[in-house]
Amino acid sequence: MTRLSQARSESVFKDFKPAYDANHAVVEANRCLYCIEAPCQIACPTKIDIPQFIRRIATDNVKNSAKTILSSNILGMSCARVCPVEVLCVGACVYNEMNQPPIQIGKLQRYATDLALEKGWRFFEAGEDSGRSVGLVGAGPASLAAAHELRRHGHAVTVYDKRDVVGGLNTWGVAPYKLRAEDALAEVDYVLGIGGIDVQLGIEVGDGEFSDLSWADLEAKHDAVFLGFGLGEDSGLDVPGLDLAGVHGAVDFIECFKTGSVDLSWARHAVVIGGGNTAVDAVRELKGLGVAEVSLVYRGTEAGMSGYQHEWKAAKVEGVRASWRSQPLAFLGSERLLSIHCARLGDDKQPTGDTYTIAADLALLAIGQGKLGKIIAGLDGIETKWGRVVVDETGATGRPGWFAGGDCTNGGKEVVNAVAEGKAAAAAIHAYVTRTNATGGA
Amino acid sequence: MATKKPDLTSNTAGIISPNPFWLASAPPTNSGPQIMRAFEAGWGGAVWKTLGQPVQNVSSRFGGLNYNGKRNIGFNNIELITDRPLESNFREIREVKREFPNHALIISLMVETEKEWEDIIARTVDAGADGLELNYGCPHGMCERGMGSAVGQEPEVNKRLTGWAKKYAEKYSPGLPVLVKLTPNVGDIVPNGLAAQAGNADGVSLINTIKSIIGLDIDNFVPVPTVGGKSSNGGYCGAAVKPIALHMVGALARDPRFNIPISGIGGVANWRDAVEFILMGSSSVQVCTEVMLKGYRIVEDMICGLEEYMISHDFQTIDEMVGKAVPQFSNWGDLDLNYEVIAKIDADKCIGCYDCVVACNDGAHQCMFVAEPGADGVVAKRVPIIDESECVGCNLCQIVCPVPDCISMVQVDNGHAPSTWNQHLAGEGQLRYKKGSH
Ligand SMILES: Cc1cc2nc3c(=O)[nH]c(=O)nc-3n(C[C@H](O)[C@H](O)[C@H](O)COP(=O)(O)OP(=O)(O)OC[C@H]3O[C@@H](n4cnc5c(N)ncnc54)[C@H](O)[C@@H]3O)c2cc1C
Ligand SMILES: Cc1cc2nc3c(=O)[nH]c(=O)nc-3n(C[C@H](O)[C@H](O)[C@H](O)COP(=O)(O)O)c2cc1C
Ligand code: SF4
C-alpha cells in the first residue's frame, strides 16, 4: 500500500541499542526479579504485564511472551524501540534501588516482538461483523491501536490519512537509530493483518481549503469517529531570515530524510534551535548524516531542557555542542543561510543585551509543533483548549459519537501514550456504537 | 491458527485435574484460602500440606543454596507436617471442594498406628478429598518419630501401611485413589515403588526431599538454618534436585514390574521441566520450591508453554505424552559403543576464551590446543585446534563453551556396525578402536 523510496538517507543509521540474541535475552530475562505490583508495569502507559512476558522469555516460551506484550499493546514492537524506557519501565525497575543495572525491558520486549513479526505469529482475530462502522482520522499510533481494537469487536473500520504514508510519526518522525521507516511499516502491516481495516491515504479530512472529506461527510459515513490527527507543522519564530535557503522546520526536515533522501554534502555548520526531544533527535540525526559541526541553541539551561537527559548525553558523546541561554535574533545571509545572530539571555530568560553571531549553513527549528485543534474547533460540541481537543478520561469529546486520542489531545507525548489512549477510546467507542442505533450516522 | 487446542486434562490414577500442574504438599498448600488462590491462578490440583498429629515447628526453617551469584538454585527446610488444628484443615478442605469441584484436591497424610490411619482417613474422606497421598518421605524430624522416611525406606513397612490406608480408604470411600509419596533417601527407588504397588496403592508421587545440609555458618561453626545456635539436617529440593528426581521417576517408569501411575515432583520450575517429567512417565507434576520463591502465578507460563509444546509436537492429550521418552532410557550395556561423535568448532563464532582448551586438557583427554602464532609471531585468530584423532566425544568442551552453537558434537562414520557391551559380552559384534586410552 505504502511505497517507500528505496534511497532513503535514514538507511545510514545503525541501531543505537542493538538487538539481543537468544542467549543474551535469556540471561537478561533471568535477572528479572518477577516483582508483583511491579513498578515497571505501573510505569507503562499501556500496562504491559512486564514480569510475565519476561518470565516467558526466561523459560523459552517466547511466542507466549509476545502474546502477553501485544495483548496490552499491539504496537509493542515499535514501543520497545522508541519508548523512553529510561524514564518509564526501566527507570522504575527495583534494581535501580540497589544501584545495579536495571532490567533492559525495552530490549527484551523487542526480542519477543521482533520474533513475532518475523515468524508471523498472530494472536488476535477480527470479531464477528457488528454492522457498525467507525471512521478514524490520521493513521498514526493512536488510530492504529484504536482500529485494531475495534476490529476485534467486529466493527467496520476506515482510517484516513492526509499523507501517502501510513504509521504517523512512527514512520516519518522518530529517529532512525531507534526505528527505521521500513520497520514501522512492517509493524503497520502486522497490525493490519487482523483484516478489515480500510486505510485511505491521501485523504485530508476537514473543512479546509484542501480537504478531501468534510467533517459532515465523515460523520454521515460512520457510526462513530475517532480523531487521531496528531500535531501540526513546526512552529516558526518571529525573526528575519526564515525564508533563507538552509532554514527548515525540524520535523519537516526529519520527514524528508526518513521517507526520501537529502543531500547534506554541502553542510558544514548545522544549528538546531530548541531544547526538547525533537531538537535532541535532530542534532544526533545531523551528526549521523555526516554534518561535521552540529550545535544546539537553546534559551534555557542544560539542566532545564525538556529533552531527555539520557538522549542529550548520547548526543554529547557523538560530538554535539550547545549554546545555552541563547536565542536567535536573525538568520543572516543572501539567499542561503550563512550565520545566525543570537542574543544571550539571563536567568530570567530576558536578553542581557549581549549578542553574538555563529556560522551556520543549515538551521532547523525545533521549538515545537502547532496544535491542530483549530481544524475542528467550529464543530458543535467539540471543545479545544490551547489547540488540543478536549476529551474525558474515556476519550470522548463533547460531541456524541466523537472520540479522540494521541498527540492531538495530550499535546504531544510519546507513541506509547497514543497507543494507550487509542485503545481506551476504542473501548468507549465500542460501548457507544453497541448501544446506539447503527443507522443514520453518529 | 487452524491447529486444535490441545487438551491439558490429566488423569493420575483416576484423579482428574484440568491440567497436570499440582501444588506439592508444602507451605503453598497450608490452608484453604491459599489453595483457592492457587486454583484461581490456574493450578489444576493441590496436595494439602500433610495432616497428622499437629506439630510444633522450629523458628528459622529454610536455607537457600546460591551458586555463582544466582540465588536459590537449591533449597532446604527443616519444617515438619501441619501445625494447624485438624478441624481447621478439614473445614477448609470442605470449602475448597465446594468452590472448586473440578480441581483435584489430594490430602497428604502421615500418622503411625493402624487406628490413627483409620481415624484420619475417615475424617479426610468425610471432608471431601479426591484422593489421598501417604507421606513416607519427610527426611527430618518425623523420621526420628518413626514416620516419614523411616517408613519410606523400609519396603515391608511401606507395604503394610499402604495396605492399611487402602483398606480404610475403600471402607469409607470405595474407589478413592491412594498415592504413596516416596522418599529419595534410598539406594534404589524401585523396591520402594514396588512395595507401594504391592500394598495396593493406585499410584506413587516422587520425590520428597533429599537429606541435606545446605551450608554452614563458618563464623559460628554451625550448619544453617540455625535454631538457637544449632541446626539439624533438612530436606533438599528446588531446581538442583531435578536430575535426581527425573532419574527416580524414569527408573520406576521403565521397570516392567511397575505399572501404576506416577505424579512427578522435584525441581519443577517451568513448563519445560514439566514436559520432561511427563515424557519420563509422570501423569501429573507437582511443584513446591519454585512456588515458594516466585508465587502461584508461575503456572500461567507453565500452562501456555505446555500448550505451545503440545501444538508444536502434535500432541492432543497429556496421555499421548506420558512416558514417551521411557523406551529411550536404556541400560548402559545396551548403548552402541561404536557410535562416535567428535567436537567441531565454528571458528566464526569462537571468541577465543580457551575455556574448552583448559577443560579438555585438565578435565578430559588433552586433544585441544591453543592456536599457534604465525611466522610473524602473532596469533592470527584465537581459535582452538582439535586433534580429532584423539577426541573421545565426551561433550566437555561444548558444555563449558559460553557461545551457543559454537562447538557442536558431530557424528563420524567409522565404518563399524552398531555393537553394545552386552552384545560384546555375548560374543557378538565388533567394537571399534578405543580412542584416547593410550
Ligand atoms: C521528531 C519526533 C520524534 C519523536 N520521537 C519519539 C520517540 O522516540 N519515542 C516516542 O515514544 N515518541 C516520539 N515522538 C512522539 C510520537 O511520535 C507521537 O507521540 C505519536 O506518534 C503520536 O501518535 P498520534 O497517532 O497521536 O499522531 P501522529 O503519529 O502524529 O499521527 C497523526 C496522523 O494524522 C495525519 N493527519 C493529520 N491531520 C489530518 C487530517 N486533517 N486528515 C487526515 N489525516 C491527518 C497525519 O498525516 C499523521 O499521519 C516523536 C515525535 C516527533 C515529532
Ligand atoms: C518447606 C517445605 C515443606 C514441605 N513439607 C512437606 C510436607 O508436609 N509433606 C510432604 O509430603 N512434602 C513436603 N515437602 C516436600 C515437597 O512437597 C516436595 O516433595 C519437594 O520439595 C520437592 O519438590 P520441589 O523441588 O518442587 O520443591 C516440603 C518441602 C518444603 C520445601
Ligand atoms: S517470609 Fe513471612 S513468615 Fe517467613 S520470615 Fe519472612 S515475614 Fe516471617
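This is a predicted model: local features need pLDDT of at least 70, side-chain atom pairs count only at pLDDT 80 or more; totals for chains, interfaces and linings use all residues.
Residues are numbered from 1 along each chain as its sequence is written, while chains are lettered from A and ligands numbered from 1 in the order in which they are written.

**Exercise 1.** Describe the side of chain A that touches chain B.

*Solution.* Contact requires C-beta atoms, placed from the backbone, within 7 Å. Eleven residues of chain A meet eleven residues of chain B in this way. Helix 3 (50–58) and helix 4 (62–72) of chain A each supply at least two residues to this side; helices are DSSP runs of H or I with at least four residues, strands runs of E with at least two, numbered from the N terminus. Helix 3 of chain A gives the largest share, three residues.

**Exercise 2.** Identify the surroundings of ligand 2.

*Solution.* The shell takes residues whose C-beta atom, placed from the backbone, lies within 6 Å. It holds 26 residues, the closest being B:Ala24, B:Asn77, B:Cys237, B:Cys288 and B:Thr289. Strand 4 (45–51) and strand 6 (70–77) of chain B are the elements that give two or more residues.

**Exercise 3.** Determine how far helix 8 (residues 271–279) of chain B is enclosed.

*Solution.* A buried residue has 20 or more other C-beta atoms, placed from the backbone, within 10 Å of its own. Eight of the nine residues of helix 8 of chain B are buried, so the helix is largely enclosed by the rest of the structure. Among the elements against which its buried residues pack are helix 7 (242–253) and helix 10 (298–312) of chain B. B:Gly281, with a positive phi near 120°, follows helix 8 of chain B.

Definitions and conventions: Two residues are in contact if their C-beta atoms, placed from the backbone, lie within 7 Å. A residue is buried if 20 or more other C-beta atoms lie within 10 Å of its own, exposed if 12 or fewer, and partly exposed in between; C-beta atoms are placed from the backbone.
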